[in-house]
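Please have the sequence and the model in view while reading.

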Amino acid sequence: MTFAAAAVPPIAHHELLVLLTQVGVLLLLAMLLGRLSERLGMPAIVGELSAGVIVGPSLMSNLFPDLGGWLFPQDPGQMHLLDALGQLGVILLVGFTGMHLDLKLVRRQGRRAATVSAAGLVLPLGLGIWLGFLLPGSLREDGADQAVFACFVGVAMCVSAIPVIARTLMDLKLIHRNIGQMILVAGTIDDAVGWVLVSLVAAMATASGLSGGDVATALGHLAIVLLVTLTAGRIIVRRAMQWAIRSGVRGLPIVTAVVLTILAAAGTHALELEAVFGAFLCGILIGSAKDVDVKPLEPLNTTVVTVLAPLFFATAGLRMDLTALGDPEIALWALAVVAIAVIGKFVGAFIGGMFSKMDKWESLALGAGMNARGVIEVIIAMIGVRLGLLTVEMYSIIVLVAVLTSVMAPPLLRLAMSRVEHTAEEDLRELRVLELQGMSSDKDPTA
């Protein structure tokens, strides 16, 4: 057999045409609707998800079935091409989230933040698992283990979204406030624990059940990942990034960071943990590596945030079918899921704040900030579909939680923080923030 005969044929003309059209349409709509959302005071993710909803089964496929069937055919091979691009985007997005993790801040406020984070995790996790057992079988994919499904719902209820939280705090000029810093630290702990829990549930789902042996295997794989991360992984990442930066070769730090992040994602995925968990850990190692400046990576960060991530969210919106909410029973369960998600996170974070000797308005601000699920919730919902746990209806409900909680955060934060007094420490911290933004000479930090 010759090499030519054994070679895999390239992508067919029609498949490539459909893929290019899909990407172009989704990116255009995501950009336009994302900007519109920001002008209306909402997170960009709301518009980016709406782009997929508009051209998906919720709208275009119903109004213009022929056009919808050509542009987004229900062909697994065609949709997997689009999914692959989205997965690359989300892996790099989560990696960058890890790079911007401030470990010094975590250590400095760790004890109080751990109290807030624990309360904000345990209560919604417990309520979510309880709700998961109550949800009807019609919201659970055929063959999915009920206990694993319930655990997954619990994890989906307890996560926060650092990218959305950080963006909201910056937009509201609250990132320098003590409560803003506490929200970031507690949310960061939630993010880290959340990815661990997602990986454990994913491992149990892959094992097709919830048994002692499966849990032990998942915990063993998790221990291996953490051990490698804290030992060889730290050394490899630091030396690789230092070499790339010192080489002086344009673009080499970016390529090195991408390779490290993708290989880390592949490593955790090979151990039946989530790929994004490996990307998150690798991002932390890059961001905290000694003598490594992440500023040269900003061009890639911009590309991920403005191109690949919106494409992922638009693709996620494609899988939503909001027409399912027209069923009264589904609508009632959707209301219950949203209520449990909001109440669990709000009350949990509020209790954590009160135990940390904060007043009621500071505790309310904590709940409002940590309740934003946004990016992370959408990623977790996609993971649930990939693991064969969620029906289209349940997936749509979880994404709805992501949207509604992200929209709720800004007005509630404004209300709560209007009752919290500024401190001298916050004024000094605001000055440093303005200096980093090049605005120190234009604005009085005490204003």
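Predicted model: local features only at pLDDT ≥ 70, side-chain atom pairs only at ≥ 80, totals over all residues.

**The chain as a whole**

- Of the 447 residues in the protein chain, 52% count as buried.
- Among contacts between residues at least 6 apart in sequence, 79% join residues at least 24 apart.

**The pair H16 and H17**

- The crossing of H16 and H17 is right-handed.
- On the H16 side, the residues that meet H17 are Lys345, Phe346, Ala349, Phe350, Gly353 and Met354.
- On the H17 side, the partners are Lys360, Ser363, Leu364, Leu366, Gly367, Ala368 and Met370.

**The pair H11 and H14**

- Helix H14 (residues 275-288) and H11 have axes that come within 9 Å and cross at roughly 150°.
- H11 and H14 are therefore roughly antiparallel to each other, as their angle is over 145 degrees.
- This crossing of H11 and H14 is left-handed.
- H11 contributes Asp191, Ala192, Trp195, Val196 and Ser199 to the contact, while H14 contributes Val276, Phe277 and Phe280.

**The pair H3 and H15**

- H3 and H15 pack at an angle of about 45°, and their axes are 6 Å apart.
- H3 and H15 are therefore oblique to each other.
- The crossing in which H3 passes H15 is right-handed.
- From H3, the contact is made by Ile45, Glu48, Leu49, Ala51, Gly52, Val53 and Val55.
- From H15, the contact is made by Pro310, Phe313, Ala314, Ala316, Gly317 and Leu318.

**Helix H2 and its cover**

- Helix H2 (residues 13-39) has 27 residues, which at 1.5 Å a residue should span 39 Å; its end C-alpha atoms are 39 Å apart, so the two values agree.
- The buried residues in H2 are Val18, Leu19, Gln22, Val23, Leu26, Ala30, Leu33, Gly34 and Ser37.
- An α-helix has 3.6 residues a turn, so residues three or four places apart point the same way.
- The cover over the buried residues of H2 includes helix H3 (44-55), helix H5 (65-71), helix H6 (76-99) and helix H15 (298-318).
- Just after H2, Gly41 takes a positive phi of about 80°.

**Nonpolar cores**

- The largest nonpolar core has 119 residues.
- Trp195, Phe313, Val378, Ile379 and Met394 are the residues with the most contacts inside this core.
- Helix H11 (residues 178-206) gives the most to this core, with 15 residues.
- A second, separate core of 15 residues includes Leu19, Leu26, Leu33 and Leu82.
- Apart from its neighbours within four places in sequence, Met394 is in contact with Leu135, Leu139, Phe149, Val153 and Val337.

- Ser117 lies in helix H8 (residues 110-134).
- Is Ser117 buried or exposed? Ser117 counts as buried because its relative accessibility is 1%, against a cut-off of under 20%.
- Not counting residues up to four places away in sequence, Ser117 touches Ala186, Ile189, Asp190 and Met370.
- Thr256 has its place in helix H13 (residues 252-270).
- With a relative accessible area of 9%, Thr256 is buried.
- Once neighbours within four places in sequence are left aside, Thr256 is in contact with Ala240, Met241, Trp243 and Ala244.
- Leu300 belongs to helix H15, and Leu300 is buried with a relative accessible area of 14%.
- Which residues does Leu300 contact, leaving aside its neighbours within four places in sequence? They are Phe96, Ile254 and Val258.
- Leu300 and Ile254 are 46 residues apart in sequence, and their C-alpha atoms are 6.7 Å apart in space.

Note on methods
Residues numbered from 1 in each chain as written. Heavy atoms only, no water. Helix = DSSP H or I, 4+ residues; strand = E, 2+ residues; numbered from the N terminus. Buried < 20%, exposed > 50% of the residue type's maximum accessible area, 1.4 Å probe, protein only. Contact = heavy atoms within 4.5 Å. Expected span 1.5 Å × (residues − 1). Core = buried A, V, L, I, M, F, W, Y, C linked by side-chain atoms within 4.5 Å. Left-handed = near helix turned anticlockwise from the far one by under 90°. Axes fitted to C-alpha atoms, helices over the stretch in contact; angles between N-to-C directions. Parallel < 35°, antiparallel > 145°, perpendicular 65-115°, else oblique.
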